[in-house]
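This briefing goes through one model by topic, from a helix and its packing to the ligand and some individual residues. Please keep the sequence and the 3D view open while reading.

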Amino acid sequence: MSRRPYVAANWKMNKTASEADEFLDAFLPTQTADGAEVVLCPPWLALQRVAERCAGTPVRVAAQNMFYEDSGAFTGEVSAPMLLDIGVDGAILGHSERRQFFGETDEALARKVPKAIEAGLEPILCVGETQAERESNDTESVLSHQVLTDLAEIHTDDLAKVVIAYEPVWAIGTGLTATPDQAQESCEFIRNLLRSRDPHKAEQVRILYGGSVKPGNAEELLALPDIDGALVGGAALDPADFGAIVAAAPAE
Ligand code: PGA
């Protein structure tokens, strides 16, 4: 089963709209419709600007979060219709920084993921274990709980619409990358969980690795059989570095 490689830039709380413009000036002219699918995930206030500039280019745009209601008394939240209205294509959901610092729960994610799909946004669901969970051999139980709970409410027919990012928390922003064996093992484990839902759809789901992906380690990670791309934080702030990671994705 060939899966088109998928490389996403998670800018986190970095770049103003004008800094995003500078990135796009350098990055957009280098991108063609061949090769990996490329997705930029800017912070809220740069989102509309980036979506406008990427319209009509091969580069797609996703938010870093989304709420599951369409509108109402939910101060500080942003809904799927609001994202669609400005031309956004998807949303990162359940990033470990949201889970760690902002109380994101698997119960909320079990509503956000189907909401995104129903609205026509592509969910990039993040899962991953902490250092302590890995050391106590709980990696598989943590991944099972996150994947099975967060996807519980989606129709099996929609499984292939979800992109999953395996991001070991201990590898995020630390410069510590999972070894290729660790990354492949966890991504394969996630695919096996999906196979228990639907063996055929599981082969179509893009599973990304995230955690200190850099131009120097991307090629090795992206060549692994169950890794279909990368979710890149720090190295995605620089257009040349991010471009080099995109270029490291294998041909489909
Ligand atoms: P990093 O972040 O590449 O800076 O480790 C990855 C992420 O959090 O998505």
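Asp238 caps the N-terminal end of helix α11, with a side-chain oxygen placed 3.1 Å from the backbone nitrogen of Ala240. Helices (H or I, at least four residues) and strands (E, at least two) are DSSP runs, numbered from the N terminus, and a polar contact is a pair of N or O atoms within 3.5 Å, where within protein one must be able to donate a hydrogen and the other to accept it, and residues adjacent in sequence count only if both atoms are side-chain atoms. The model is predicted, and local features need pLDDT of at least 70, side-chain atom pairs count only at pLDDT 80 or more, and totals for chains, interfaces and linings use all residues. Residues are numbered from 1 along each chain as its sequence is written, and side-chain values use heavy atoms, with hydrogens and water left out.

- Helix α11 spans residues 239–248, and its buried residues are Phe242, Gly243, Ile245, Val246 and Ala248; buried means under 20% relative accessible area, exposed over 50%, and partly exposed in between (1.4 Å probe, protein chains only).
- These buried residues of α11 pack against β1 (6–10), α1 (17–27), β2 (37–41), α10 (215–222) and β8 (229–232), where contact means heavy atoms within 4.5 Å.
- Phe242 touches, not counting residues up to four places away in sequence, a set of residues that includes Val7, Phe23, Phe27, Leu40, Val232 and Ala236.
- In the largest nonpolar core, which has 69 residues, Leu40, Leu151, Leu194 and Phe242 touch the most other members; a nonpolar core is a set of buried Ala, Val, Leu, Ile, Met, Phe, Trp, Tyr and Cys residues joined through side-chain atoms within 4.5 Å.
- Helix α8 (residues 180–197) gives the most to this core, with six residues.
- Apart from this core lies another, of twelve residues, among them Tyr6, Cys41, Ala165 and Leu208.
- In soluble globular proteins, nonpolar side chains tend to be buried together.

**The ligand and its surroundings**

- Around the ligand there are 13 residues, of which Lys12, His95, Glu167, Gly173 and Ser212 come nearest; a residue is near a molecule or strand if one of its heavy atoms lies within 4 Å of it.
- An oxygen atom of the ligand lies 2.7 Å from an N or O atom in the side chain of His95, and an oxygen atom of the ligand is also 2.7 Å from an N or O atom in the side chain of Glu167.
- The protein covers 97% of the 290 Å² of accessible area that the ligand has on its own, with accessible areas taken from the Shrake-Rupley method with a 1.4 Å probe and, for residues, only the protein chains shown counting as cover.
- The shell around the ligand divides into four nonpolar, seven polar and two charged residues; Ala, Val, Leu, Ile, Met, Phe, Trp, Tyr, Cys and Pro count as nonpolar, Asp, Glu, Lys and Arg as charged, and the others, Gly among them, as polar.

**Loop residues**

- Ser212 lies in the loop between β7 and α10, has a positive phi of about 60° although it is not a glycine, and counts as buried because its relative accessibility is 9%.
- Lys214 is found in the loop between β7 (206–210) and α10, and it counts as partly exposed because its relative accessibility is 37%.
- Leaving aside neighbours within four places in sequence, Lys214 is in contact with Ala235 and Ile245.
- Lys15, in the loop between β1 and α1, has a phi near 85°, a positive value in a residue other than glycine.

**Glu37 in strand β2**

- Glu37 is found in strand β2, and it counts as buried because its relative accessible area is 12%.
- The side chain of Glu37 makes a polar contact with the side chain of Arg60, at 2.6 Å.
- The C-alpha atoms of Glu37 and Val7 are separated by 6.2 Å, although the two residues are 30 residues apart along the chain.
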